[in-house]
Structures are given as C-alpha cells and as structure tokens.
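Please look first at the sequence and the model displayed below. The paragraphs that follow lead through selected parts of it in turn.

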Amino acid sequence: MSLASAEAATGVVAAERSHFHPSSARVERLLARFHQVRNFSNALCAGLEPEDYVVQSTPDVSPTKWHLAHTTWFFETFILKKFISGYRPEIPDYAYLFNSYYNAAGDMHRRDLRGLISRPTVQETERYRMSVDSHIADLLSDADEKLLNEIEPILVLGIHHEQQHQELLITDIKHVFAQNPLYPVFRGRDAALRRPDGGARRPYQFVDFEETTIAIGHNGDGFAYDNEGPRHQALVPAFSLASRPVTNGEYIEFIEGGGYTRPEFWLSLGWMTMNEQRWRAPLYWTKRDGVWWNFTLSGFRPVDESEPVTHVSYFEADAYANWVGGRLPTEFEWERAALDCPIEGNFVEDENFHPCALSTLGDDLHLHQMFGDVWEWTRSAYSPYPGYRAAPGALGEYNGKFMCNQYVLRGGSCATSRSHIRRTYRNFFQPEKRWQFTGIRLARDPQ
C-alpha cells in the first residue's frame, strides 16, 4: 500500500471512529457543566442545619431536602432509566416521593405534605445525589456519538431545571426562616459593599420607544424553554418604560398614601385577596415604632428605601401602577426594550440574596437593572405563542400545562443564575403570589 493510500485509509478509520465515539472535549464540557450546577446546589446549603432542610412553611414552599432530591429524580427518571438498559433505582419509592407534577412519569406524593417526610434523611438524600451523579458520569463517558446526541438535550434541560430549583430553594428557605421569631441568618451581608451613592433615590425617567414590528421569542441559538417559542412577529405600539424599578421608598409613599385602603386602584379579585390576606405592605415587612423593617436572608433589618421593592404580588404591582397614573408593561414591550440591554446585574452568583440599590447615577435616559435584582411583573397573561404545541410525554408537561390564570414576569432576580436567564425567558406565577423576588417597573402610553 502506498503512503497516500495508507493515509487515506487512516483518515477513513478516524472519521468512522469520530462518528461513533464523541470527542473527549465534548464529554468533559458537558460533565463539567453538570457537576458545576450540581455542586452549586450543595454550596447553597452550606450553613444550613439538618432541621432547616425539612420544613415546609406553606404549600407553595418545598423543603430544601425535597429540592435536592427532586432535581436528582429528574436526571434519574429522564436519563438513567431511559438510556441505561436494565437500570434499577436503589430506592424505587423515591420516584413517588420526588416527582412533582409529571403525570406521565407516574403517581406523586401530595405537594402540601412534603414537609411531613422526615425520611430519607439529609444524609441519605446526599447519598442519592452522589449515586445518580456517578451514574450520569459513567453513562456520558461510555456513550457513543449517537447516544450522546440523544442524551445532551435532556441533560441540558435538567441542568436548567436544577437552576430553577436553586432559585426556589433560596426563596423557600427565606420563607421558612421568616416564620422563626429568632430571624435566622442565611448568609451575612457586608453593608460597606452595598451602600448606594444616591442614584436610586433620584426620580426615575421614562425611556421612549417608537412603534415597531419585531420578532418575539427565542431565535434557536442555544438553550431555551419551549414556552419561549415559536419565534413570531408582533406589533408593539409606541410606549415608554421607566429607567429603573420602583424602590422601597416610592412604595412606602403608596402605603402611607392609603394605597391599601382605596379600592379604585385595585382589580376586584386583588381587592378581595388583599383584604382576605390582610396585606398592608410587601411580604416580610413589619412596622416598628414608626419605622419599616423587613426580613432578609441576612437577617431582620430596616427597609432600605433606595433598594427595589420586592415580594409584591401582581395585584399590588398593578395597584401601585394605577396609583401613580402608569401601568405595567406587556411582556412584548419588555422584550423589545431589553433587546439592547446587556445581560448583567445582581444574580445568585454574587451571593447577595437580596435586591441591591442602583449603585451608580448613570444616565437616566437609559434602562437600568433590567436583569437580576427582581423579577418584573408584566400585564401579559401567560399563554402560548402562536403555533405553540407542547411536546409529547412527561417532558411536554414542563411548561405548557401551566398556561392558565398566571402572569408573565421578565428579567430574573437576585436568586436567578446569570447563566440561566435570557431576554426571551418567560417566568410565570399566579397574581397573588409574593414569596418570589418580584418587583415593579412602570410603563406608560405616549403622552
């Protein structure tokens, strides 16, 4: 055989091998990302005691231990059971305990009873996580190209799913700690690093946007949830958007101006809910000796009037907007305004675990804090985009089944991962929910 023929033959063999065996760099990249996110969940629990892991303070809140086990169940159910022939879980009953709402995946334990489950213990839950992580690593390391192509989309979905639960873990443990009159500290706060320079105390300005038709939804590059598509054209009439979120100080003016006592500003259901629940301020706020205090993950402290207001429901956000003569933006207005905004801000990686005041005077004719700090309520109902169809099977239940009686929020919060948020990301909650880091950014029609 000639040298040229030998080289050609070697090239064919290498090409065939690369077809069946993925590059080690690809596997290493996927596993590095997988372990990074999984380890961050564990890191968020640093400082918690075993007793903290098991409390469920309301049906909306899940125990920390449940979040750690549920995200593990996700990888076991949708990857290990599907792609490992003859795979048998060590504890089959975990499939019942740690399923959340995936009806196609089997029966599930009642959500409001999760706090009654003392077993598995925290230690057993950690062992469950390590076992599944080890199986995932072995599966990916031995997978050929074809198998890896099938696994990767589900693995990436599972990684983003875990990042969602990291956010829920933080907001849920905050609600748990807030029930304790000792006001436990989740993480300390360095006040010297958080002091604003007065920029957030200046009045917000409105940034004007002309009428345009734009493409709404994810463009297909990189990961996105199915509810972010299909990408479609939408007419967005002229509007103006506030340069920053509403602050605590501005919201205190609403409270002291009788905002919670004047039904003309409230939706009918909001007025009824507010009175039934006896809301008189955002969640976690208490007035002592004429001063507003709030519970934070760094403890109980006076309300900082320059920080974005948070833990308000859609009903409260809408009432505030009516009180000041504005309105909430639509999700299409928000996405149009965010097109030129860098995805940067106060995210969970910064470990502030609380909204921060605008730290620079900046240019008031530009948008600030569009990402991070607080999820911003929009006036858009959470509904499918034109042409949307939920995928078949259990994973198709991820988003589509919730498209009823909820409102869209945009931008992420201080509990959201920087690598998880997108301009097209559609979060959604019922209008009465307040335990997430939800806030307000005003919009208005052309003057």
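How many disulfides does the count come to, if a disulfide is a pair of cysteine sulfur atoms within 2.5 Å? The count comes to zero. The model is a predicted one, in which local features need pLDDT of at least 70 and side-chain atom pairs count only at pLDDT 80 or more, while totals for chains, interfaces and linings use all residues. Residues are numbered from 1 along each chain as its sequence is written, and side-chain values use heavy atoms, with hydrogens and water left out.

The cysteines themselves illustrate the result. The closest cysteine sulfur to that of cysteine 45 belongs to cysteine 414 and is 17 Å away, which is too far for a bond. Cysteine 356 is likewise in no disulfide, since the nearest cysteine sulfur, again that of cysteine 414, is 7.7 Å away. Are cysteine 45 and cysteine 356 buried or exposed? Here, buried means under 20% relative accessible area and exposed means over 50%, with partly exposed in between (1.4 Å probe, protein chains only). Cysteine 45 has a relative accessible area of 5% and is therefore buried; cysteine 356, at 14%, is buried too.

Attention may now turn to a helix. Helices (H or I, at least four residues) and strands (E, at least two) are DSSP runs, numbered from the N terminus. Helix α6 comprises the 34 residues 145-178. The expected span of a helix is 1.5 Å times one less than its number of residues. For α6 this span should be 50 Å, and because its end C-alpha atoms lie 49 Å apart, the two values agree. Helix α6 is mostly covered, with 26 of its 34 residues buried. At its start, a side-chain oxygen of aspartate 144 comes within 3.2 Å of the backbone nitrogen of lysine 146.

The strands come next. Two strands pair if DSSP finds at least two bridges between them. Strand β5 (residues 285-288) and strand β6 (residues 291-296) pair in the antiparallel sense over four bridges, and tryptophan 285 stands opposite asparagine 294 in β6. Together β5 and β6 form a hairpin with two residues between them, and aspartate 289 in the turn has a positive phi of about 50 degrees.

Elsewhere, strand β9 (residues 407-410) pairs with β8 (residues 375-381) in the antiparallel sense over three bridges, with glutamate 376 opposite arginine 410. Strand β9 also pairs with β10 (residues 427-429), again antiparallel and over three bridges, and tyrosine 407 stands opposite phenylalanine 429.

An open sheet of three strands has the order β1-β4-β12, with antiparallel pairing. Its edge strands are β1 (206-209) and β12, each of which pairs on one side only. Two bridges join β4 (residues 239-242) to β12, and the bridge partner of serine 240 is arginine 444 in β12.

The loop between β11 (438-439) and β12 (443-444) holds arginine 441. Arginine 441 is buried, because its relative accessible area is 0%. Its side chain reaches the backbone oxygen of histidine 368 at 2.6 Å and the backbone oxygen of glutamine 369 at 3.0 Å.

Terms used:
A polar contact is a pair of N or O atoms within 3.5 Å; within protein, one must be able to donate a hydrogen and the other to accept it, and residues adjacent in sequence count only if both atoms are side-chain atoms. A disulfide is a pair of cysteine sulfur atoms within 2.5 Å.
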